[in-house]
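User: Hi! I'm new to this one and would like a friendly walk through it. Can we start with how the chains meet?
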Amino acid sequence: MPEWNKPLPTISGETKPYWDHCRRGELLIQKCDSCEEYQFYPRGICANCWSNDIQWVTASGKGTVWTFTVTYQNGTPGFAEEVPYVLALVELEEGVRMFTNIVDCDPRSVSIGMPVEVTFVRATDQISVPYFKPAA
Amino acid sequence: MVDLKHAAAIVGIHEHVTRYAPDKSELQIQGESVIKALADAGLTKQDVDGLLTASSSARNTALNLADYLNMYPRFVDNTTVGGGSFEFHLSHALNAIVAGRLNCAVITYSSLARSSSVSVGTGGVARFGHPRLEPSPDSFEELYGLTTVGLYAMIAQRHMHLYGTTSEQLAEIAVATRYHASMNPEALFRNPITVEDVVNSRVISSPLHLPDCCVITDGGGAVVVASAEVARNCRHQPVWVLGAGEAVAHQGAGKRDLMYIAAHQSHEPAFGMAGVTHQDIDMAMIYDSFTITVLETLEDLGFCKKGEGGDFVSGGRLRIGGELPINTDGGGLSSNHPGMRGIFLLLEATRQLRHEFDRTPRQVADCNIALCHGTGGALGSRHSGGTVILGRD
């Protein structure tokens, strides 16, 4: 596979389980045992009630496009070659939204509300990046 | 009891006219601006006891600026929350004046965004100048190719989806702003444009076209804010800080409705403190990083209902002579946008409130109360909003 020339995530203690599971093809999100709220991006406290009763749960990996843009200009290496690409916010079934790219389709076919599912691309031996594609 | 509405005033201003200054440093532009703003006020270096600044460069701090200017301020504020930082500064200066900790401060800014070829809107990660991603939130965002324009375009896309807003309506904002720029000899772009010109131009990040995006220039400026006592002896009649409010908005752990921006939170404190209503606002300076920024801001400031911004900005309402003239200097869309633009909102509102353009088409008639709203950061991820309401006697 070609060398990865996009930015890579920096992994910290509080985000390591997320990236470990991405490598295995699983999308993790967090849920608070105290207030039962889901949250994204992952962090070491509950953003809602500030407890530290955070549990990792496996998300279904299914969601819908909440909003998106087809990017025609980005000077950053790795993206400059990929325009036009779709930058999107996907709302997961669990109710939290995450940034992603919509892949494996014509950028012009993407619409708000479109059902999508997670797919992983191996960037390095340590890191796989979750993307979303039109739901089967 | 302190009369908050007549406690602090803008007494001096200067806008550095440069739009391209490869031979200057940012500190030099700020120094030149501070000196001229003080001269405008009829004050001297010895009168200044406060320094407020923000920068997109981590090295250009209040500390370095105080060193360059050889100042020993007793009130220092380096609040840096994006392009609208300067509305926060004015609010904080008011607080310090009321608390008796400050008599006279300069708020200043400069940037060489253009001559240093910073791709402010489309540079992706490189726009921060540090490609290493922080563990969060960057590592969950920047690996997807975020651009500044993209983060605003996503909000425009959903606004269109929910409310039927059109590219033509967004273009109305760019067209009105360019009309105002045509009257500003310092504006970068002065040739009038049409709605058709905008919607037929290149798409940068759908649905935003090139003229939906602000220009990139060098530039800078300074504002002198002073107590009522100092203001009484200045050259110009004071432009009072009648009210101020500040807020931040972010993703809210992945659940906040991003269609409401920080202006939704910051406007009520500002209007409440000023004791004025929307009908009292004679003109507004609305941070215009992109056309969608203006539309969302007008809605969330309460000038129209959520979703009605498309209609509100149409039909010439935003032009001088219309119901709510905005960005009468040509704004960031046409005049200048050196990385951050919040200080220029204060400068143009002050010029209008001084009736500096009397007997010319650029003057807003009977201009007594103006509103400035600065937005910094990105609507699609996280941003700040500072509202200030200014008025003349």
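User: How many residue pairs are in polar contact across the interface of chain B and chain A?

Analyst: There are 20 such residue pairs between chain B and chain A, with both residues at pLDDT 80 or more. Do keep in mind that this is a predicted model.

User: Good to know. Which elements of chain B give two or more residues to the side that touches chain A?

Analyst: Those are helix H4 (148-163) and strand S5 (203-205) of chain B. H4(B) gives the most to that side, with seven residues.

User: And how do the residues on that side divide by type?

Analyst: On the side of chain B that touches chain A, 17 residues are nonpolar, 16 are polar and nine are charged.

User: How many residues does each chain bring to the contact?

Analyst: Chain A brings 44 residues and chain B brings 42 residues. Together the two chains bury about 3500 Å², and carbon and sulfur atoms give 60% of that area.

User: Which three residues of chain B supply more of its buried area than any other three?

Analyst: They are Phe140(B), Tyr144(B) and Met154(B), which supply 24% of the area that chain B buries against chain A.

User: What about salt bridges, how many are there between chain B and chain A?

Analyst: The count between chain B and chain A is one. In that salt bridge the side chains of Glu37(A) and Lys255(B) meet at 2.5 Å, N to O. Over all chains, the search of the whole structure finds 23 salt bridges.

User: Why does the pair of Glu37(A) and Lys255(B) join two chains?

Analyst: Glu37(A) sits in the loop between S1 and S2 of chain A, while Lys255(B) sits in the loop between strand S8 (239-249) and helix H8 (263-274) of chain B, so the pair links two chains.

User: Let's move to chain A, then. In what order do the three strands of the open sheet run?

Analyst: The order is S2-S1-S3 in chain A, with antiparallel pairing. Strand S2 (38-39) and strand S3 (54-58) of chain A stand at the edges with a single partner strand each, so one side of each has no neighbour in the sheet.

User: How do strands pair in a sheet, in general?

Analyst: Strands of a sheet pair through backbone hydrogen bonds, and the pairing is either parallel or antiparallel.

User: Back to this sheet: over how many bridges do S1(A) and S2(A) pair?

Analyst: Strand S1 (residues 28-32) of chain A pairs with S2(A) over two bridges, in the antiparallel sense. As one example, Lys31(A) has Tyr38(A) in S2(A) as its bridge partner.

User: New topic, helices. At what angle do the axes of H3(B) and H12(B) cross?

Analyst: Helix H3 (residues 85-98) and helix H12 (residues 342-353) of chain B cross at roughly 65°, and their axes come within 6 Å.

User: Which residues make that contact?

Analyst: From H3(B) there are Phe86(B), Glu87(B) and Leu90(B), and from H12(B) there are Gly342(B), Ile343(B), Leu345(B) and Leu346(B). By type they divide into five nonpolar, one polar and one charged.

User: Last one, about the backbone. Is the peptide bond from Ser136(B) to Pro137(B) cis or trans?

Analyst: That bond is cis, with omega near 0°, and Pro137(B) lies in the loop between strand S4 (104-111) and H4 of chain B. A cis peptide bond also joins Ser206(B) and Pro207(B), where omega is about 5°.

Technical notes: Residues are numbered from 1 along each chain as its sequence is written. Chains are lettered from A and ligands numbered from 1 in the order in which they are written. This is a predicted model: local features need pLDDT of at least 70, side-chain atom pairs count only at pLDDT 80 or more; totals for chains, interfaces and linings use all residues. Side-chain values use heavy atoms; hydrogens and water are left out. Contact means heavy atoms within 4.5 Å. Buried area is the accessible area (1.4 Å probe) that two parts lose on being put together, summed over both. A salt bridge is a side-chain nitrogen of Lys or Arg within 4 Å of a carboxyl oxygen of Asp or Glu. A polar contact is a pair of N or O atoms within 3.5 Å; within protein, one must be able to donate a hydrogen and the other to accept it, and residues adjacent in sequence count only if both atoms are side-chain atoms. Helices (H or I, at least four residues) and strands (E, at least two) are DSSP runs, numbered from the N terminus. Ala, Val, Leu, Ile, Met, Phe, Trp, Tyr, Cys and Pro count as nonpolar, Asp, Glu, Lys and Arg as charged, and the others, Gly among them, as polar. Axes are lines fitted to C-alpha atoms, for helices over the stretch in contact, and angles run from 0 to 180 degrees between N-to-C directions. Two strands pair if DSSP finds at least two bridges between them.
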